[in-house]
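Here is a short tour of one protein model, written for someone who likes to know the cut-offs behind each term. Please have a look at the sequence and the structure first.

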Amino acid sequence: MFDWFINLSYPFQAFLACIFTWFVTSLGSAVVFLFKKVNKTVMDAMLGFAAGVMIAATFFSLLSPAIEMANNLEMIAWLVVSIGFFCGGLLLYICDKIFDHFTKKQENSSNKRIVMLISSITLHNIPDGLWNMYRLFAKNMLKYWRRGKYYEPIFRRRKKENNGTNCWN
């Protein structure tokens with residue numbers, strides 16, 4: 001069923017995946033254009049659903065891998081996860097106080113909301129970007145550094161390993 005997708009080059013697969021997630025997110029958020037006013041019970045249900053989705057995403061994407069990694073490293077898993085969770089909450093608290101300090105002179109609270117939105121999106125995307133760069137480059141680079149191939153670019157190594165074929169196919 002998805003053979004056509006698997007046969008595409010990796011950068012094009014990533015591009016299509018990004019476009020798909022953008023489209024689905026836009027479609028889901030476009031529901032707000034269907035209502036002028038939202039009933040309080042409907043709003044509570046939507047916020048509850050969003051909170052449940054975020055809790056599930058937090059557990060399956062962050063906490064479960066952290067517990068597994070801590071167990072593999074023979075650490076106390078609940079302590080490691082609790083410290084990380086507490087540090088994340090502390091970071092949000094500190095950021096809120098910093099934004100209060102910078103925006104206390106302004107009577108308009110929308111500026112604070114705008115700055116907090118931009119900062120939270122940026123803060124959210126930094127670890128994602130770091131993890132993606134690690135997955136793409138660091139794992140392969142560590143493998144080759146151990147062999148003594150320090151400076152040869154990744155695409156040349158992969159081309160040699162694949163008998164001269166393009167590394168992106």
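## Cysteines and burial

What is the relative accessible area of C95? C95 has a value of 24%, so C95 counts as partly exposed (buried is under 20% relative accessible area, exposed over 50% and partly exposed in between, with a 1.4 Å probe and protein chains only). C87 is partly exposed too, with 43%. The structure holds zero disulfides, a disulfide being a pair of cysteine sulfur atoms within 2.5 Å. Over the protein chain, buried residues make up 8% of the 169 residues.

A word on the ground rules: this is a predicted model, where local features need pLDDT of at least 70 and side-chain atom pairs count only at pLDDT 80 or more, while totals for chains, interfaces and linings use all residues. Residues are numbered from 1 along each chain as its sequence is written, and side-chain values use heavy atoms, with hydrogens and water left out.

## Fold

The protein chain has six helices and zero strands, so read as DSSP runs numbered from the N terminus (helices are H or I with at least four residues, strands E with at least two). From the N terminus on, the order of elements is α-α-α-α-α-α.

## The largest pocket

About 1500 Å³ of space lies in the largest pocket. Of the 25 residues that line this pocket, the closest to its centre are T58, S61, L62, H124 and P127. The terms come from a 1 Å grid over the protein atoms alone: a pocket is an open set of points where a 1.4 Å probe fits, with protein on both sides within 12 Å along at least five of seven lines, and lining residues have an atom within 4 Å of a point. Grid points are joined across faces, edges and corners, and a volume is the space filled by probe spheres set on the points.

Helix 3 (40–72), helix 4 (77–103) and helix 5 (109–147) each supply at least two lining residues. Helix 3 gives the largest share, 10 residues. By class, the lining divides into 17 nonpolar, seven polar and one charged (Ala, Val, Leu, Ile, Met, Phe, Trp, Tyr, Cys and Pro count as nonpolar, Asp, Glu, Lys and Arg as charged, and the others, Gly among them, as polar).

## The second largest pocket

The second largest pocket holds about 340 Å³ of space. Its lining includes V24, T25, G28, S29, F35 and M46. Helix 2 (10–29) and helix 3 are the elements that give two or more residues to this lining, and the largest share, four residues, comes from helix 2. Seven of the lining residues are nonpolar, three are polar and none is charged.

## Side-chain pairs

Side chains of opposite charge can pair when their charged atoms come close. The count here is one salt bridge, meaning a side-chain nitrogen of Lys or Arg within 4 Å of a carboxyl oxygen of Asp or Glu. K40 forms a salt bridge with D44, with the closest N and O atoms 3.4 Å apart. Both residues lie in helix 3, four residues apart, about one turn of the helix. K40 is exposed at 59% relative accessibility, and D44 is partly exposed at 41%.

There are two aromatic pairs. One of them joins F59 and F60, edge-to-face at 5.3 Å centre to centre and 80° between the planes. Rings of Phe, Tyr and Trp (its six-membered ring) pair if their centres lie within 6.5 Å; planes under 30 degrees apart count as stacked, over 60 as edge-to-face and the rest as tilted. F59 is partly exposed at 35%, whereas F60 is exposed at 61%.
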